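Please read it with the sequence and the model side by side.

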Amino acid sequence: MEKEQVTGKLDQLKGKVKQGIGKATDDPGLQGEGVLDETKGKLKQAYGNLKDTIKDSDKAAGTDVNKK
């Protein structure tokens, strides 16, 4: 699992919390921050997934890019 996958999930959670608090307090600015954080988290997670996929295909092909 890539670091980006973990931080992406945390950003998504943070975004959902901000959105919930923004709705509860009628603060559209906080809701907007929450949407941005959640989106950023989804992108980070997707990037981490892509890195994992590339590593897995490199290992399957016998060309592990992390070997030194």
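## A contact between the helices

K16 is found in helix α1, helices here being DSSP runs of H or I of at least four residues and strands DSSP runs of E of at least two, numbered from the N terminus. At 49% relative accessibility K16 counts as partly exposed, where buried means under 20% relative accessible area, exposed means over 50%, and partly exposed lies in between, with a 1.4 Å probe and protein chains only. K16 and E38 are 22 residues apart in sequence, while their C-alpha atoms are 6.6 Å apart in space.

E38 has its place in helix α2 and is buried, with a relative accessible area of 13%. When residues up to four places away in sequence are not counted, E38 touches D11, Q12, G15, K16 and Q19, a contact being heavy atoms within 4.5 Å. Q19, found in helix α1, counts as buried at 17% relative accessibility. Leaving aside neighbours within four places in sequence, Q19 is in contact with L30, Q31, G34, V35 and E38.

## Basis of the model

This is a predicted model, in which local features need pLDDT of at least 70 and side-chain atom pairs count only at pLDDT 80 or more, whereas totals for chains, interfaces and linings use all residues. Residues are numbered from 1 along each chain as its sequence is written, and side-chain values use heavy atoms, with hydrogens and water left out.

## Overall form

The protein chain has two helices and zero strands. Its radius of gyration is 17 Å, well over the 11 Å that the globule rule gives for 68 residues, so the chain is more spread out than a compact globule; the radius is taken over C-alpha atoms, and the rule is 2.2 Å times the number of residues to the power 0.38. Along its principal axes, the C-alpha trace of the protein chain spans about 55 × 15 × 10 Å.

Of the 68 residues of the protein chain, 28% count as buried. Among contacts between residues at least 6 apart in sequence, 58% join residues at least 24 apart. The protein chain exposes about 4,900 Å², of which carbon and sulfur atoms supply 60%; accessible areas come from the Shrake-Rupley method with a 1.4 Å probe, and for residues only the protein chains shown count as cover.

## Charges and salt bridges

The mean positions of the 14 positive and 12 negative charges of the protein chain are 3 Å apart. In that count Lys and Arg are positive and Asp and Glu negative, with His and the chain ends not counted, and the place of a charge is taken as NZ of Lys, CZ of Arg, CG of Asp or CD of Glu. Side chains of opposite charge can pair when their charged atoms come close. A search of the whole structure finds nine salt bridges, each being a side-chain nitrogen of Lys or Arg within 4 Å of a carboxyl oxygen of Asp or Glu.

One of these pairs is K51 with E4, whose closest N and O atoms are 3.3 Å apart. The pair links distant parts of the chain, with K51 in helix α2 (residues 28–61) and E4 in helix α1 (residues 3–24), 47 residues apart. K51 counts as partly exposed at 26% relative accessibility, whereas E4 is buried, with a relative accessible area of 15%. A further salt bridge joins E33 and K18, with the closest N and O atoms 3.2 Å apart. E33 lies in helix α2 and K18 in helix α1, so this pair ties together parts that are 15 residues apart in sequence. E33 is partly exposed, with a relative accessible area of 39%, and K18 counts as partly exposed at 22%. Salt bridges that share partners join E2, E4, K51 and K55 into one network.

Because K14 and D11 are three residues apart in helix α1, they are separated by about one helical turn. K14 is partly exposed, with a relative accessible area of 38%, while D11 counts as buried at 8% relative accessibility.

## The loop

D26 lies in the loop between α1 and α2, and at 67% relative accessibility it counts as exposed. Phi of D26 is near 55 degrees, a positive value in a residue other than glycine.
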